[in-house]
There are 2 protein chains.
Amino acid sequence: MKLLVDVRDLKFVLYEQLNVEDLCKYPLFSEYSKEMFDMALEQAEKLAEQEFYPTNKKGDKEGCRFENGLVKVPESFHRPYRLYCEGGWLAMADDPEVGGQGFPFIISNACVEFFAAANWALLMYPGLTHGAARLLKKYGTPELQEKYMYKMFSGEWGGTMCLTEAGAGSDVGNLRTRAVPQGDGTYKIEGQKIFISSGMHDLTENIVHMVLARIEGAPKGTKGISIFLVPRFLVDDNGNLVDNDVNCGGIEHKMGIHGSATCVLNFGENGKCLGYLMGEPNKGMRIMFDMMNEARLFVGMQGLAHASAAYLHALQYARERVQGTPVEKMKDPGAERVAIINHPDVRRMLMFMKSSTEGLRALMHLAAYCLDRVQVAETDEERDLYQGYVDLLIPICKSMGSDLGFRVCETAVQVYGGYGYTSEYPVDQFLRDCKIASIYEGTNGIQALDLVGRKIAMKRGLLFKNAVKFSTELTAKFRKNYRMREMLEIYDEAAESLIQVTKFFGLKGMTDEFHVPILYAKPYLDLFGDVTLGLLLLWQAYIADRKLYEIYADHGAKDDKARQAVVASNRSAAFYAGKIASAKFWMFQVLTQAAGKARAIMTSDKSPLEIPEEGFALV
Amino acid sequence: MKLLVDVRDLKFVLYEQLNVEDLCKYPLFSEYSKEMFDMALEQAEKLAEQEFYPTNKKGDKEGCRFENGLVKVPESFHRPYRLYCEGGWLAMADDPEVGGQGFPFIISNACVEFFAAANWALLMYPGLTHGAARLLKKYGTPELQEKYMYKMFSGEWGGTMCLTEAGAGSDVGNLRTRAVPQGDGTYKIEGQKIFISSGMHDLTENIVHMVLARIEGAPKGTKGISIFLVPRFLVDDNGNLVDNDVNCGGIEHKMGIHGSATCVLNFGENGKCLGYLMGEPNKGMRIMFDMMNEARLFVGMQGLAHASAAYLHALQYARERVQGTPVEKMKDPGAERVAIINHPDVRRMLMFMKSSTEGLRALMHLAAYCLDRVQVAETDEERDLYQGYVDLLIPICKSMGSDLGFRVCETAVQVYGGYGYTSEYPVDQFLRDCKIASIYEGTNGIQALDLVGRKIAMKRGLLFKNAVKFSTELTAKFRKNYRMREMLEIYDEAAESLIQVTKFFGLKGMTDEFHVPILYAKPYLDLFGDVTLGLLLLWQAYIADRKLYEIYADHGAKDDKARQAVVASNRSAAFYAGKIASAKFWMFQVLTQAAGKARAIMTSDKSPLEIPEEGFALV
């Protein structure tokens, strides 16, 4: 049994739900085909399983080491990193002109699921490099691109994003790193950054940092922030590497992702750190936001990937671990012992994990698909529509991916019982590795503010209206199938609850109760996520139901008994039955609760704001 | 600021909600007084803060070491352990005749909160000793008591409970450890136990194990299990310690509680392990169950304690960590920066933590109080009533304590942001330490089965009926206060939802759909827990409201403005206002969702049972 990604489900999303092969009809992807997509997925799976996964636990145990200002990653990471770069995985979806392979983003993103599930800490290195390289591609001068970019897209050099400072985390506008113009177009950079993933390591000989800093005299807050390319080693005119006064002050000891180097970086300790402005002065935040969607989707992918691996491991364990008797024979001490997958409570936990993982998978790949549709859009309207979907989906991908992914990992530990708590099995690491995802790339609280304060308000609510329209048009198709009726009723009610809260927030936002939408932004995001996953799973059930009845027809199975026999003996039928079960679980167990969640928000209870600070505790 | 236990809230539960000083009216506790209770609490807090807490992180980093068959606990644990024993904390609530102090159990349990919050891994050693010692007291012969028991109650020797085997975790009836009668009343013990907390360590010179085993020829399953006292070293007739062939085969490497030695124990590897039967043959399970309530409450206390420490640490951090501007000035880059406690999303998280922690505290201490009332009951009816409350509350204490405690720890990490994920701060350890609580002493799935399959069904539902009666009578008092009305309405609806599901389960249990209550036992337990915490918090709000209005009256504060001024300047008023806010949060944010949770269960969706096994995944 394969334990990282359910490829059958992944392909269901790609080919049966999103029909991604249709992307090949656009000129940009005309050289591609479903066969090539499949081949890429197969290769990614192979590399992930054979090279990434075996180093996952090793990396967790060994961790990174900080010695004499340098950082050593786990020894075992070097080989899979090299193979990953050689395979061209880093720039899989980038322009051939920068050395990329030009795949649709969704296929590259699908490959990410394998690598992320196999060894997230390792994948972070090329993941961050990619973001920095893309920024350089979009905003760098040809000269800088020539010197730095190609080696980043190939993975020969690393890259980072340097935002956080000790006093500027969520409040990035408060940063203190300074940039002093040198008159020749370059800047002296001075300041300290913390929590810099991949900030220093020995996988590559050079690391190119993208650093947020304030040019001397620039306005306070986010409007005075610029972004600079600051390489660890400068490339001089002879092509030699010259030290650029970027030093690592130490690494963090963390709950998880031990193989990922989380660094303190000191820029210009000796006054000799040079940076190159990317784009225009004071536009750093806008440029960062430009990169943010993919970075946040990447974190959502982390949650999905941990969930996927945790689910499949727990499933395998539940199939193999013999413990207890069937529930009908609880009182018969002589009854045969069965695998724990037979126990209702374990099945319920597995169904929660399955349903959540599949919902997240559909969500992430839908967002990736919309990013591709933005690329290939033939009209402004089309581009705006898909960009709007992306903008709305990203905070949900990031927050739901990390929160629900964590919940799935937690459930995996529970399925393993005591063994799950030990490092003998892999699920404890999934849980620890996953926890960071709700924090970095903007805490989930920040995601909720982004959704409520920006995305919902954008263009007078047009993004939300378009999403509702999408849901309405899609579900109209389902209504023709009477077997969908019960699930659809629950979905409709949940979607209506979400619409009610959205309107409610809109009204509150215009009054002196504008605190209320801010106070309940995160529960709102959670509700939004529940409903979105509900729509995606319902959509999947609709497709699966059709395919299942085709199989029944092929087998001439006309009554329940005959159909059950088909499901029991035919793998495709079993798969589609499983898809319907996932949707049922989400509708019946999650979306039945949507109205209650909406009600909780709309109580508008302001006691969390009104409680006197001493009231929290006198101690 | 004190960061382990909110003593003001603890005393509120003890003296304002449960009026525990009234226990002193009973002959058993007539020598005690509120002053003596307070003194004990004060001493416990001091020892916990000054000696336990400083060793918590050390113990996490150092962990236990297995060397040559012996286990070394973290070096720093020896001193606080000695002080704990010297202070007589281990047998605080036990009979003076066994060296105990004879305190009411609730006071001893209240002291547990301090120690557990300060260093749970360390507290596990005496915690397990206590359970074993009590078992010996109840079921041992005077000779065995003389030899072993007193040194256990004093903490000079350790104790354990040995249930789990590799093939017998939740399915304890499947165990293989054998006991062969020697003809002289003793037994040869042979078998392997795993996951034995405190199974081997160097805190004490001897360890007395209580071992579940099957006497040769005894029936299969739980009905053939007996329990044996098996000391690591036997005491011979001259009082010398003689090796008893109990060997440690290794320790587990775990996600948390690194300072607690989790051991593989081999009994009779050399055929020389002697055991003494406790109680009658084949009554081992019943005897274990006898001890189970306190053991499970102890695990609930772990969840509460981690929640308490996590909340108070996060609160302090939120008060001190400056980040971002007030929400009204979000767009003003020059606005002053404020502590993050001022941000609505952080306040919402803190309120969730506060409300949950206080609810759990009330729950645990209510259970402890009922245990005391069983002790002092003057009639059989009274004893049965309180024993019924205990039986119903215990699975909720264990499961809600561990699950909600974990959720609070997770939220603490979120409040700390990136720092929370590092070992620089304590919350990452709380999260990791807490995770085990949902697994050991019966997984939370087992707790749910205990509630649904045993407790609810007991005496034709009498326990549940009594609980409903308790709620009805208590809330009748609240109805006179119009300020309670809105909260009460929500509570009433939630309680009604719980009653509906309970009836629904009762009906299903009698049909061929008896799988349904088993499938949804855990969500039912969660709903039960939500409602129970709701009742306790509502009760607290009622008391707090009365006291708050007394303070208002004392200050002649007759309008909102004057009252707000009192709350802002008077610490008692702030505390009571905080209590009301906790109840509001639970009612408005949690219990508003109870009907949805009930609805989810009552969909009776059987797809988790019906999905074909291949439908979970084909991979």
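**Notebook: the A–B interface and a strand trio**

I began with the interface and found that chain A and chain B bury about 9500 Å² between them, 61% of it on carbon and sulfur atoms (buried area is the accessible area, with a 1.4 Å probe, that two parts lose on being put together, summed over both). This is a predicted model, where local features need pLDDT of at least 70, side-chain atom pairs count only at pLDDT 80 or more, and totals for chains, interfaces and linings use all residues. Residues are numbered from 1 along each chain as its sequence is written, and side-chain values use heavy atoms, with hydrogens and water left out.

Next I looked up contacts (heavy atoms within 4.5 Å): 109 residues of chain A touch 110 residues of chain B.

I then checked salt bridges (a side-chain nitrogen of Lys or Arg within 4 Å of a carboxyl oxygen of Asp or Glu), and the rule finds 10 across this interface. I looked at B:Arg571 with A:Glu614, whose closest N and O atoms are 3.1 Å apart. Helix α17 (residues 571-590) of chain A gives the largest share of the side of chain A that touches chain B, 10 residues (helices are DSSP runs of H or I, at least four residues; strands are runs of E, at least two).

Last, I followed strand β5 (residues 186-197) of chain A, which pairs antiparallel with β4 (residues 178-181) over four bridges (pairing needs at least two DSSP bridges). Four residues lie between β4(A) and β5(A) in their hairpin, and A:Gly183 in the turn has a positive phi of about 85°. β5(A) also runs antiparallel to β11(A), residues 262-267, with five bridges; there A:Gly191 stands opposite A:Phe267.

Methods: Chains lettered and ligands numbered in written order.
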